[in-house]
There are 2 protein chains.
Amino acid sequence: MSAPDSLLDQLVEALQCLPGVGVKTAQRMAFNLLERNRPRGRVLASALKEALDKIRHCDHCRNFTENELCSICADTSRSSNQLCIVEGPADVRLLEANTDYQGRYFVLMGRLSPLDGIGPEEIGLSQLETRLQSEPVEELILAIGTTVESDVTAHVLSELAQRNHAKVTRLARGVPVGGELEYLDPGTLMTAFEGRTQY
Amino acid sequence: MSAPDSLLDQLVEALQCLPGVGVKTAQRMAFNLLERNRPRGRVLASALKEALDKIRHCDHCRNFTENELCSICADTSRSSNQLCIVEGPADVRLLEANTDYQGRYFVLMGRLSPLDGIGPEEIGLSQLETRLQSEPVEELILAIGTTVESDVTAHVLSELAQRNHAKVTRLARGVPVGGELEYLDPGTLMTAFEGRTQY
């Protein structure tokens, strides 16, 4: 094993910090950037540096932002009566892109997972409680996953909401739109059957 | 569609210059770097910038290097009697890692493809001919692919070598090591049968 020069090796090594990128993919990326895409590679280098330097958590909802408040928290036209709880910034993007929700958000940045050292403080529960006490939140919408850890998180969140007299709702669970019963897992099928609605 | 703040969008956009990375993967990469991997993200940004600024083509073999000559061309202990032609820098790495080849390389940085505007000049054939005329090359080893375009390139290279009185060899084609006949494509099977060797 030899092969040229350390800067290339350093780049291949560094690219492996990206999720899902191993040594082969990193090599392909490095060669591709160097051979065909130098201008866009430079754009990437500076966008990455600037994002890492300047993006922080919103003081109010914990989402990523480059200001003290993110654009949603700073938007005075949105209602404070609804507060949607999500696990990560990607979920905010998804909901904003695909629903007409006009309330506020709170981003947990994870889910309760004591074994990984993620407790109530890490997901900002005391900050959330302060918001529930100081804002006119009527409905807490739990837009979080359905894994075991998310279920535990949902349970803790609903207790917290009830202590503060807010209604709690959770995203409907059931048959995916476009899905066929045949391919559904038993748990989802049972949930969908129990939660059947008037047609 | 809204979602926060432009630096994040710029990063997601910039990450899509990587081969095989679409908008979903770019988002996942951006969130992952920002949430869990800021120090390694910074290393990536600076490794990328430095590589793009400093890595150039070796004057002698066209491989990537940060110097005038790459480490292989600069290594006086290697033989100039053999010259191995490859299509890209990744191939040099592969051969160096997996063979005990001790000769020199010449990197085409592509293959002949007139429709894409890649002609003899783009793959450095005149530079290669100068080397064949000025160096004691006895064997030109074609370590290039077996697609139609690579075959055409191989043909042109072999003519060039013969004009300059060098022997031309090409990597053996046949059954992959560890492979079963059952799964072989017909072309490879035919080639392997025709090229059978004494056991």
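Author: The following account describes the interface and then turns to the confidence of the prediction. The model is a predicted one. The contact draws 59 residues from chain A and 59 residues from chain B. Between them the two chains bury about 5,700 Å², with 66% of that area on carbon and sulfur atoms. On the side of chain A, the residues that lose the most area to chain B are A:Leu7, A:Leu52 and A:Arg93, which together account for 15% of what that side buries.

Polar and charged groups also meet here. There are 16 residue pairs in polar contact between chain A and chain B, counting pairs with both residues at pLDDT 80 or more. Five salt bridges are found across the interface. In one salt bridge, the side chain of A:Asp53 meets that of B:Arg42, at 2.6 Å from N to O.

Several elements of chain A give two or more residues to the side that touches chain B: α1 (6–15), α2 (23–36), α3 (38–54), β2 (64–65) and α5 (89–98). The largest share, 15 residues, comes from α3(A). Sorted by class, this side of chain A has 31 nonpolar, 12 polar and 16 charged residues.

As to confidence, the predictor gives the complex an ipTM of 0.77 and a pTM of 0.76. Chain A has an average pLDDT of 89, and 97% of its residues score at least 70.

Definitions and conventions. Residues are numbered from 1 along each chain as its sequence is written. Chains are lettered from A and ligands numbered from 1 in the order in which they are written. Side-chain values use heavy atoms; hydrogens and water are left out. Contact means heavy atoms within 4.5 Å. Buried area is the accessible area (1.4 Å probe) that two parts lose on being put together, summed over both. A salt bridge is a side-chain nitrogen of Lys or Arg within 4 Å of a carboxyl oxygen of Asp or Glu. A polar contact is a pair of N or O atoms within 3.5 Å; within protein, one must be able to donate a hydrogen and the other to accept it, and residues adjacent in sequence count only if both atoms are side-chain atoms. Helices (H or I, at least four residues) and strands (E, at least two) are DSSP runs, numbered from the N terminus. Ala, Val, Leu, Ile, Met, Phe, Trp, Tyr, Cys and Pro count as nonpolar, Asp, Glu, Lys and Arg as charged, and the others, Gly among them, as polar. pLDDT is the predictor's confidence in each residue, from 0 to 100.
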